Amino acid sequence: MILEETKQRVAEGYKMFKVKAGHVDQDIDLMIKMRKACPDDVKFLIDPNQLYSREDLYRVGDALTGVIDSIEEPVPAWDDESRKLFTERFPKIMLLSDESTFTFADTQRQMKLGAIQRLGVKIPRTGYTITRKLVHLAEANNMRVQVSTQAESDLGSAACVQFAAAFRQIDLPCEIGYYKKGIQESLLLDEGLTVKDGKMYLPEGPGMGVSVNWDLVRKYTVSM
């Protein structure tokens, strides 16, 4: 089922896929099958959500070099040494940060250690001010950046995609979550965002580029 859906999305124009991971044998088997099922220009990122041990991480590195493009936060956020050793031992699999780079100080330390190779930022987590600082820090370290979302509404996704388009340093395929009508009860915009050929297009109105449906805002307002 996963392979068939992947092929369908590739036909729609998607060029990168993020796959949740955490079970080493299954992860290796699935990613090899997905790699064989897709054209060479399609890339894969796996995200074990800190579930791998150091031994697991090395097994995945050995098995999936040349299969996956990158791996996101594979070991516990405190395990700097495992991440650093992985980046040295498996240079063809880029290590993307998430939980290990919550703050400016954390991010600076991870970059100095060489424990990450790509920076992942989430605006709902760090806000505009800190996230801008993180992007500038990545620029100073010549490091590529990815913007991810955290199950936002379509209004939140519009804000994230505008931010991603504002910085040259953010040049990785971004994980902009978006739920079309019918998947959730209601969205917050008068008109949905445009997704075509595997890309989300920038809305062109003022501000965030979108028009808020205030009737829905009032519907979901909770009095305090």
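**Before you start**

This is a predicted model: local features need pLDDT of at least 70, side-chain atom pairs count only at pLDDT 80 or more, and totals for chains, interfaces and linings use all residues. Residues are numbered from 1 along each chain as its sequence is written, and side-chain values use heavy atoms, with hydrogens and water left out. Helices (H or I, at least four residues) and strands (E, at least two) are DSSP runs, numbered from the N terminus.

**Stop 1**

Select β1 (16–20) and β2 (43–47). β1 and β2 pair in the parallel sense, over five bridges. Pairing needs at least two DSSP bridges between two strands. Now pick Val19: Ile46 in β2 stands opposite. Four of the five residues of β2 are buried, so β2 is largely enclosed by the rest of the structure. Buried means under 20% relative accessible area, exposed over 50%, and partly exposed in between (1.4 Å probe, protein chains only).

Next, select β5 (119–122) and β6 (145–148). β5 and β6 run parallel, joined by four bridges. Leu119 stands opposite Val145 in β6. In a regular strand the side chains alternate between the two faces of the sheet. Look along β6: Val145 and Val147 point one way, Gln146 and Ser148 the other way, and all are buried.

**Stop 2: the core**

Select Met31, Ile46, Tyr52 and Ile71. These residues have the most contacts inside the largest nonpolar core, which has 50 residues. A nonpolar core is a set of buried Ala, Val, Leu, Ile, Met, Phe, Trp, Tyr and Cys residues joined through side-chain atoms within 4.5 Å. Among the elements that give two or more residues to this core are β1, α2, β2 and α3 (54–64).

Which residues is Met31 in contact with, leaving aside neighbours within four places in sequence? They are Val19, Phe44, Ile46, Leu64, Val67 and Ile68. Contact means heavy atoms within 4.5 Å.

**Stop 3: a covered helix**

Select α4, residues 80–89. Its buried residues are Asp80, Ser82, Arg83, Phe86 and Thr87. What covers them includes α3, β3 (70–72), β4 (94–96) and α5 (104–113).

**Stop 4: two loop residues**

Most residues other than glycine have a negative phi. Select Asn49, in the loop between β2 and α3. Phi of Asn49 is positive, near 55°. At 31% relative accessibility, Asn49 counts as partly exposed.

Now select Asn142, in the loop between α6 and β6. Phi of Asn142 is also positive, near 55°. Asn142 counts as exposed, at 70% relative accessibility.

**Stop 5: the pockets**

A pocket is an open set of points on a 1 Å grid over the protein atoms alone, where a 1.4 Å probe fits, with protein on both sides within 12 Å along at least five of seven lines; lining residues have an atom within 4 Å of a point.

Select Tyr14, Met16, Cys174, Glu175 and Ile176. Of the 37 residues that line the largest pocket, these lie nearest its centre. β1 gives the largest share of that lining, five residues.

Last, select Glu191, Gly192, Pro203, Gly209 and Val210. Of the 13 residues lining the second largest pocket, these are the closest to its centre.
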